Amino acid sequence: MMTPMRYVVAALALIFSIHLLVSFTNDSYGRATSMESLKKKVGLDVKEHSTVPPYKQPLPEEYYISSNHSSPVGRKANAAIVMLARNSDLNGVVSSLKQMEDRFNKKFQYPYIFLNEKPFEDVFKKRVTELTDAEVKFGLIPKEHWEQPPEIDEERATASRNKMVQDNVIYGGSVPYRNMCRFNSGFFYRHELLKPYQYYWRVEPDVKFFCDLDYDPFLVMQDQNKMYGFTVSLYEYEATIPTLWNAVKEFIHANPSLVSPDNAMAFLSDDGGETYNRCHFWSNFEIGNLDLWRGEAYSKFFDFLDEKGGFYYERWGDAPVHSIGAALFAKKDQIHFFNDIGYRHEPFQHCPQGEAHKRGKCWCDETQNFDYEWYSCLNRYDKLFS
């Protein structure tokens, strides 16, 4: 080989070796120079229509905090973490809050809002505020948003509760539980403390968060125009909602223009809306856009249901009410399954699988996962995108 050419080859080999070395030792450089990154820059891998559920698409790396960072990314959403709790729930609140802090919020510092139908006691406030450096606000729920409305026929409501107790329906005899369901369905987002915010994450006492969350789900909601996020979906107890779907059909018939195009009706019904298959998102975990509930469609929907009295004459839960509202008034691709957030509310849990389990350092057992059990509705969500 001619001497000048030998030097050229040697120089190229040296440059390539340095490239390989830096690629393996520097994540940012490796991502920036990968074939996938280069293809994106020249527009070679753009897909106009996805045929898989959105959560199966990898989350862009830009949402993650790299391991050598100790502070959040440079922007935040207008969001808050919301907990409805009683003073007697303190130990369960502390458990949930500590996990929320350790897994997520100590990195991102979103404010907490605690709501109660009675004033929070000083010991509650002290223990809660000691667990976080984030701002904490305590709010009192107005009586008209919590208590059974005066127009409810108490004799009829009492007879219904007694029948549910006889039939062993869970919370069938509880008025406070019904108050809670009605409040979460139609009033929590109207509270004065929530008014400044656009996004919320609902957390309940005595839940578990299994995985480290090194990205901001609120920014995912904001940047990708998502309206509602969940981790667990399942079938509702039929005995609690015998007339709910009739009311829903009546509302749709009277207000067809309020139903979103490309909605998620197929998640709720197997026959185009004639009957309800009872699938719903488990609302004890929600990450949502408050504009969904504040909008004209859902506001009219809730008022219509409230006038029916089903929260008290039956036992309509906020989970089916929210789920039906999200499925009808948002587009299906605006409903997001947070596949990488490990979560348990007794007796069900979502445990991330495979790479998501490893990346989140999840401590749940991957075999203990409700996603595709016979009572889960996740497969119906998946089929929305097939």
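Here is a short walk through helix packing, an annotated site and some backbone details of this predicted model. Residues are numbered from 1 along each chain as its sequence is written, and side-chain values use heavy atoms, with hydrogens and water left out. Because the model is predicted, local features need pLDDT of at least 70 and side-chain atom pairs count only at pLDDT 80 or more, while totals for chains, interfaces and linings use all residues.

Let's start at helix 8 (residues 175-186). Helices here are DSSP runs of H or I with at least four residues, strands are runs of E with at least two, and both are numbered from the N terminus. Helix 8 packs with helix 15 (residues 318-329) at an angle of about 20 degrees, their axes 8 Å apart. Axes are lines fitted to C-alpha atoms, for helices over the stretch in contact, and angles run from 0 to 180 degrees between N-to-C directions. The two helices are therefore roughly parallel (under 35 degrees; over 145 is roughly antiparallel). From helix 8, Met-180, Cys-181, Asn-184 and Ser-185 meet Asp-318, Val-321 and His-322 of helix 15, where contact means heavy atoms within 4.5 Å.

Helix 8 also has helix 13 (residues 296-308) as a partner: their axes come within 10 Å and cross at roughly 155 degrees. That makes helix 8 roughly antiparallel to helix 13. Arg-182, Ser-185 and Gly-186 of helix 8 make this contact with Tyr-298, Phe-302 and Asp-306 of helix 13.

Now to the annotated site. An unreviewed UniProt entry places the feature "active site" at Glu-286; such annotations may be inferred rather than shown by experiment. Glu-286 sits in strand 9 (residues 286-289) and is buried, with a relative accessible area of 0%. Buried means under 20% relative accessible area, exposed over 50%, and partly exposed in between, using a 1.4 Å probe and protein chains only. Leaving aside neighbours within four places in sequence, Glu-286 is in contact with Tyr-200, Trp-201, Arg-202, Tyr-228, Gly-229 and His-322.

Finally, some backbone details in the loops. A cis peptide bond, with omega about 5 degrees, joins Glu-346 and Pro-347, and Pro-347 is found in the loop between strand 11 (343-345) and strand 12 (348-350). Asp-262, in the loop between helix 10 (244-254) and helix 11 (265-268), has a positive phi near 55 degrees and is partly exposed at 45% relative accessible area. Lys-361 has a positive phi near 50 degrees and counts as exposed, at 59% relative accessibility.

Technical notes:
Parallel < 35°, antiparallel > 145°, perpendicular 65-115°, else oblique.
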